Amino acid sequence: KRSKTLPPDGQSVSFDDYRPPQRTVSVIAEPETVQPPQSQARRNTSRVSKSSCESIGDLPDLMSRIEDMGLTEEYIAYRERYLGWRQGKAQGAGGELSVAALQMTGRGGWGYWYPTLEEWQWKRTLSYWIAVTFFEGSLFFMFSSFFGCYGERLGVLRSSLTLWGYTAGKVNYFICTYLMCLETINMTNADEHSGQKGKKERSRAKNGRPAEDGDDTDFSDTESDTSSEEGSNLDQRSFHVWPFHLRTALANLRRLGVGPWPYFASVVYFLGVWAFTVGLVSELTPGIPEEVVKWTLFSSFVVGSILFTAGGVFECIENGVFQWVSCRDIGQGYVGAVLNTFGGVFFLLGSLVGYSKAFALHANLAFGVGSAVYCFGSAVMIIMWKDEQFGLTFLAVLNHLGGDHGRPIVKRKGADRVEENTFSVRGACFIMIYCLTATVSVYDFFCVMFASAAPTHLLLMERAFNSLLPCIFAHMMLALNSGVYKTPSMAPFHQLYIACRWIAAIMTANSACRVVQRIQMIMWEGDAAQVVDSV
């Protein structure tokens, strides 16, 4: 032990006069009760806070003078930084400045388009259901078109497998295109969020609610108010549900530095769905002359196909398809936009050929091929969603978030470098399997409801409900996938989650077997009737 020379009795050691090299020793000759430093500091702080509260009412309100000088934004920014420092929110350097860090935090990076967790969840959920409904609607159109090639042999199942299948596909397309319009019209970024927060701060300052620097209670109140304001930014700003706010949408996209093509693609697809719906309504409405139905179907399908093709072209413009790029720069949005354009071209070809009944088979084949191309395009959109490229094929600005291939860059815990976030192939495939399960189940439901006989209506409803159960289960799993960010790793939730995937696959096979058996039975009865007639 190192020997120390202590001062005479009655004197205390000064930290300035006596400073040991390793630790500080404070020796007091006469024993007395020493107040703990933390409680002493808290008592002094409370004493200062009370004295400040007594005199703060005499201070003048300088907010009007600050506004006259045009320094309101600077004052609010300074006050937020100061309060954050007093609350212990100050952060030091997070490492060396790199290109990856600038891409993640700079203008157009991840934090620019997703300033809050609520904004990220909103765009993630919206893009998920856009991709899912587009894929499911394309499946309905593809199956119904190929079933239409055997229209005469389907007998009583013809309307169930073709007309009602198209109806289900149009419902999915309507939901998909409407959500696309919502996402483009209500597009925001970090600048708008900070602007909303600045407006609220100015209103609070005008109402005479300045923050008191010395009062601990005021700090906690300010912190809770700020967090609640940041969490409710999405709810406080004006939200548009009408998809035809043309000037509002274009002005918003222009302010965000985004071109008009995302909104043009969304609204053109939406109008195309409505054009197809006109022909569907004329076909389902009884009492309309056959010639009127024929011309209505032809005109509505041609207009709808032209609009779908135009939507694909607008997506190509948004993704730079008509610009010279190297093969390594071709991303998923590029491929999806090209596939959607070719799908619209096949739709247009089928609509033009379908005017004559002599080419009905060729028209159905063209629609089937176009729907299959749309299935591949929507599958690309599902993969993009798993890659956290929530702009999909129509909003490319959300797909360039730092990585070389557009995927967001992340830094793993304990790693020295950042890398691109990649998707789960199995997760994307099972999302498509859930959509296939729902589609086949709906076809089975249509066959039971419109093409089967039952002794009682109760028995018919029971069979129809049993046929629809796989669809209900599949959509519950789709809804679960929209909120579950990754497969659970804890038992037994991991096993239950994986088991649900295989149950969906088994349900798909079961519903498909039921539909195929019904088709085979109808075709066999038709062939038997032809043989009897010939004999």
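This is a predicted model: local features need pLDDT of at least 70, side-chain atom pairs count only at pLDDT 80 or more; totals for chains, interfaces and linings use all residues.

Helix α13 passes α14 in a left-handed crossing.

**Packing of α13 and α14**

- Two packed helices are described by the angle between their axes and by the distance between those axes.
- For α13, which spans residues 261-284, and α14, the angle is about 165° and the axes lie 8 Å apart.
- Angles over 145 degrees count as roughly antiparallel, and α13 and α14 are therefore roughly antiparallel to each other.
- The contact of α13 with α14 is made up of 21 nonpolar, nine polar and three charged residues.

**Aromatic pairs**

- The structure contains 39 aromatic pairs.
- In one of these pairs, the ring centres of phenylalanine 264 and phenylalanine 314 are 6.0 Å apart and the ring planes stand at 50°, so the pair is tilted.

**The largest pocket**

- The volume of the largest pocket is about 1100 Å³.
- The pocket is lined by 34 residues, of which Arg158, Glu283, Leu297, Ala360 and Asn364 are the closest to its centre.
- Several helices each supply at least two residues of this lining: α6 (117-148), α7 (151-154), α8, α13, α14, α15 (332-353) and α16 (360-386).
- Helix α14 provides the largest share of the pocket lining, with seven residues.
- By class, the pocket lining comprises 14 nonpolar, twelve polar and eight charged residues.

**The largest cavity**

- The count of cavities of 30 Å³ or more comes to one.
- The largest cavity has a volume of about 80 Å³.
- Its lining consists of Phe134, Tyr173, Cys176, Thr177, Met180, Tyr269, Phe308, Glu315, Asn340, Met381, Thr393 and Phe394.
- Helices α8 (158-185) and α14 (290-318) each contribute at least two residues to the cavity lining.
- Helix α8 gives the most to the lining of the largest cavity, namely four residues.
- Eight nonpolar, three polar and one charged residues make up the cavity lining.

**Helix α14 across the topics**

Key: Residues are numbered from 1 along each chain as its sequence is written. Side-chain values use heavy atoms; hydrogens and water are left out. On a 1 Å grid over the protein atoms alone, a cavity is a set of points where a 1.4 Å probe fits but cannot get out, and a pocket is an open set with protein on both sides within 12 Å along at least five of seven lines; lining residues have an atom within 4 Å of a point. Grid points are joined across faces, edges and corners, and a volume is the space filled by probe spheres set on the points. Ala, Val, Leu, Ile, Met, Phe, Trp, Tyr, Cys and Pro count as nonpolar, Asp, Glu, Lys and Arg as charged, and the others, Gly among them, as polar. Axes are lines fitted to C-alpha atoms, for helices over the stretch in contact, and angles run from 0 to 180 degrees between N-to-C directions. Angles under 35 degrees count as roughly parallel, over 145 as roughly antiparallel, 65 to 115 as roughly perpendicular and the rest as oblique. A crossing is left-handed if the near helix is turned anticlockwise from the far one by less than a right angle, and right-handed if clockwise. Rings of Phe, Tyr and Trp (its six-membered ring) pair if their centres lie within 6.5 Å; planes under 30 degrees apart count as stacked, over 60 as edge-to-face and the rest as tilted.
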